[in-house]
Structures are given as structure tokens and as C-alpha cells.
Amino acid sequence: MNIVPVEQSLWPSPTSVQPQPGAWHLPSRVTTSVQHPEIAEPEVIEALWFLRPIGPSPSQSADIRVRGADVPPGAYRLAVDAERGVDIGILDRAGLLAAAATLRQLLPDDAWRPTPVTRDAWSVPAAVVDDQPVHQWRGLMIDVARHYLPVNQVLRYIDLVAMHKLNVLHLHLSDNQGWRVESRCRPRLNEVASWRPETAVGHPLGAIINSENSLTFDGTPHGGLYTHADLAAIAAHGRARGVTVVPEIDLPGHCAALLAAVPELATSVAPARSHPDAFASLGPATISPVPSALALIGELLGEVASAVGGPYLHVGGDEADLSEWETAPEVVEHRKTLALPDVAALRRHLDQTLASTVVELDRLPIFWDEAFTAGGLDKRALVMSWRGDSIGLRAAAAGHDVIMAPVDPTYLDYAEIDHADEPVALGYGNDVARLAAWAPPFGGPGRVLGCHAPIWTEAVPDARLLDYRVFPRLCVLAQAAWSGRPTDWPGRREALDRHCARLLAAGVEFRPLDGPLPWQRGGTGARRWTGGVPVETVGAFLAQQADDELSTASPDRPATN
Ligand code: TNX
């Protein structure tokens, strides 16, 4: 496997690598020093935590020397000399963490074990690496609502995100099938909405594709909740690794679990709800936009924001079925009081209220792109574009900061190929080659902040399958996010194979590039492959839908017309 020299297998590939003669052999105890106006010794030691078995500890005549340097934010120069050891030049802590990640990749794969081991003396090939990120937002979204991901796994994912020089972990904390944040103001959320008695198995849209009656359920309770202490620990671990944790509460749609626990948030025409346990055919699951409901939503958002901290709060906005707002008398009355002509205007008003609420919580609001096509979106809001690059560019042109997360090709819940060996998935076609051919388009200076790969978990019940779906495709996304360019494919295949050895050491159960291992296959049981929709069909459909919305509504229409 080790045919590619290690400095050519760095992933994502740095801006420039100049190999030098020889290798630096690490001493049995490694020492560090720092000369930087803003970075103190403990931060250096923490950044080099993977060297713990052999130190590191401060010393004047250090092996690893960190200095302030005139490089851009997040950038670094890493010089490894066979005799003198390592010099790291950085402007900020993001640069220090990126340099540390590169140094760790230059070490033997054992350096990637969760508890690093030094069986043999370690050495690092001498090289000078100059490197800087092109995009400032480089992320992974995990849907922890459809299937809960235990805290230790979330912490592990923070490490895996940082390993690839990604810097955002977005947690989709609420959806129809679950609410995952401890609530102190509405404890029924903890008791009712955090678990369901069973889960539908098979294709996530089985109810639509095969008709309702064919749904089968697993008969197994599923659930989980992050306490405020859990979320604080997750956010703190993120900070230590340079990963911003972005919480999302999906509103006003995708709220069945919330409504099951807090029925006073529903409209008066909503059916009484119990635990949602299937993934389709739910009907509207939309909160009421009346002031009493929005006051409570404000309280819940406040709880989430203070539990997680950080600069952002994502408030969803996707796929909202507003039909109940047409008929529920109290909603009609509220709309008339506001002198709003129709439900579309009421939605713009709701988005404005949510944006203002988030700003008052001292966070920046993020919405899925439907909130942009609905029109009048507050310019302080970031837009996460899932229905294609083109809608994201339109939002950027309108003045929003934009994160590109197009279904085609960044959705990691889609299988790579249509094959009986695959575990069941919504659709297929986002293979490594398709993702490698993509990079986020630039939308004018600073407007396209970067990109994001979402993994929705309707058909991803546990961390093992999560690993299988996420890796190595996330590595390819990371290459685009870091370099701003598509990945040379299959030109970088050997390098990715080499990098997969690091994933293996890190304990990641990735999908081998040649296809699943026997125990990763779909088999004939609960996760049997059932076919699905090709991602290009879904991508084209969604892009058309977004386009149609834009041509019927002016995105610059004010919120209150
Ligand atoms: C659309 S993307 C959704 C999710 C689904 C996903 C499945 C988005 C903002 N909403 O609720 O899980 O498709 O691919």
C-alpha cells in the first residue's frame, strides 16, 4: 500500500510541499517552545496531543518550535528538518491546528490511533509545507434526529472532522422523528419527543414508493437526548480541535416530534400526534405562527443557544407544508391582524421573527435555501443551499453569505452506486468520482463561505453505517473545501488509498474504494438494498423547484408585504 510517498498522500493536499533530504527521528521525549503574541504553551501542547506518549513538554531548546508568522488566517508553514526538528509559522490558532494535523499525517499511521501508540521510534520525512485554506467554512452535517448518535461518537466525529481540516460540525437536532436537546422549560420534550417505540425499516420513502401498507417496523425503541452538559462538552471539544459546533432546530416544518410533546405549538386544525416512527407520509408537521407559539419557540431556541454556545444557530426552513395556515382560524386571524395578504407573506414574517430572535440571542441565523426563495430574508441570515449551486449563487448575489451543500453531489446519505451489495439508502449516484469533480463555485468576494456535506440518517441507524456512508467521501469533500478545486480523480486514488490506512488506524469503518467488506453489505435482512432514485434526478428536480419558487416570488420582496 505504501507506494505513494507520505508527503504526497497528505489529505487534503497542501498548497505546496517541498520534500527535503532525510527524515527527522523523534527523540524519546519531545519538547516544544512558542513565540507568538496570542498563543501560549498549553495551546501548543494541546494541539500536539497525539504526541502525548512521548511528551510533549516545554523547553528552551525545543524540537518543535512555534512562531508567529506573516501568513493569512488559518494558514501555516511547517518545516521539518532532519537535524533541527520542526518549525511551525502561523498567524492564529486555526493555523496551528492545521499544521499539527499535517504533522500527524507525516507520522506513521499509529499516530492516528485514538490513543496514539509509539511501538517503534517515530520519524517524519523532511519537507517544507506551505498551506492555506481557500474556503473559511468547511463542514459536515450529521442528522442526529432521525437516529441519535451517542455523545462519544459525536466527540469522535469532531476529531475526524478536524483530521480533514474541516472546521464545522452541524448537528441537525430536531426533526419529525425526534428531538435531541434536553429542555428545562418543556420537560415533556425529554420524556416524549426524545424517543420512539419503533422505527420503519426499508427504503426511507417506502410509504410513498410502495404504498403505506407495505411499511414494516423493527419493534425496537430508539432514542437519545443530549443534556446541556453533553452539549457543552461537545462544543468544548470542538473548540479544542478548531471545530465550530452549529446546532439546528428545524422550523417551521419537520416538527412532528416537537408537536407530539408540546401540542400547544400546533394549529387548531392539526391532528393529535403521537410518536413519529416512519420517514414519509407524515402530512404537515408545522408549528403555528401565532405569537404565543413563537414566544415558546424563542425560549426553546434560547435553551439550545446557551447550551451549545458558538456564533451560529440554524433554524431550518426546509420543506415546510403550510396548508394548515390557510384554514386554522387563529392563524388566519393573526395574519389579518398583521395585514399580510397570504400565507406566503406570513411565512416571510415568521422567518423574519426567527432571524430577529436568533440575532437577539447573539447568534447568526442560518436557514436552508427555501427561506431565501420565500423572499425577504434578513440579510444577516446565512443561506445553506441544498437544492443546487445555482440557488446558492442567487442567494450570494442577493447579499447573503452562503454555504453550498447541494444534494448532487454532497449528500452522503445517498449510496455511491445502485448495487445489491449496498445497504438501503434513499438514492444513489454520489460516488467518489462524482464528488471529486465538484468544488463550491465562487459567488463574489466572501459570499460563498464554503461547503458542507450533510448525512441524513433515515437509513443510518448507527455509527458503523455512518462511518461507511461518510468515509472516504468526506475526505474528497474536504479536499474541495480546503483547496477550492475539484480533486484530480482517479489521479489521487493512490493517495486516498494511502490516507485510508490512517482512517483504519483511527478506527473508522469506511467504505473501501472497491466496495463494501462482507459485513458491510446490505444482505437480505433489515438493511436490504431496495434501489432508489438516482441523485441526478433528485438534483435536477430540486433545482427546478427552487427556480420555480424564485420566478413566482421575488427574493428581495420585503418581509412584511
Ligand atoms: C431533504 S435537505 C431533507 C431532509 C431529508 C433529506 C434526505 C433538507 C434540508 N431536507 O429532511 O432527510 O432530504 O436526503
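Helix 1 (41-47), helix 2 (93-106), helix 3 (151-163), helix 6 (228-241) and strand 16 (244-251) each contribute at least two residues to the lining of the second largest pocket of this structure, which is a predicted model. Of these elements, helix 2 provides the largest share of that lining, with 7 residues. The lining comprises 42 residues in total, and the ones that lie nearest the centre of the second largest pocket are Ala94, Leu97, Asn167, Arg241 and Gly242. Because domain 1 (2-131) and domain 2 (137-552) both give residues to the lining, the second largest pocket lies between these two domains.

The largest pocket is lined by 49 residues, and His254, Asp318, Glu319, Glu370 and Trp386 are those that lie nearest its centre. The elements that give two or more residues to this lining are helix 5 (206-210), helix 11 (343-360), helix 12 (370-373) and helix 19 (535-552). Helix 19 gives the most to the lining of the largest pocket, namely 7 residues.

The lining of the largest cavity is made up of Ile142, Asp143, His147, Tyr148 and Leu149, together with Thr457, Val460, Pro461, Asp462, Ala463 and Leu466. Two elements, strand 8 (137-143) and helix 16 (463-470), each supply at least two residues of the lining of the largest cavity.

The table sets out the computed volumes.

| Space | Volume |
|---|---|
| Largest pocket | about 1,300 Å³ |
| Second largest pocket | about 660 Å³ |
| Largest cavity | about 50 Å³ |

The linings can also be described by residue class. In the largest pocket, the lining has 26 nonpolar residues, alongside 12 polar and 11 charged ones. For the second largest pocket, the corresponding lining consists of 23 nonpolar, 10 polar and 9 charged residues. The residues that line the largest cavity divide into 7 nonpolar, 2 polar and 2 charged.

Taken pocket by pocket, Asp318, Glu319 and Glu370 are among the residues that lie nearest the centre of the largest pocket, while Arg241 is one of those that lie nearest the centre of the second largest pocket. Helix 2, which spans residues 93-106, is the source of the largest share of the lining of the second largest pocket, whereas helix 19 holds the corresponding place in the lining of the largest pocket.

Note on methods:
Residues numbered from 1 in each chain as written. Predicted model: local features only at pLDDT ≥ 70, side-chain atom pairs only at ≥ 80, totals over all residues. Heavy atoms only, no water. 1 Å grid on protein atoms, 1.4 Å probe; cavity = no way out; pocket = protein on both sides within 12 Å on 5 of 7 lines; lining within 4 Å. Points joined across faces, edges and corners; volume = space filled by probe spheres on them. Helix = DSSP H or I, 4+ residues; strand = E, 2+ residues; numbered from the N terminus. Nonpolar A, V, L, I, M, F, W, Y, C, P; charged D, E, K, R; others polar. Domains from an automatic or database assignment.
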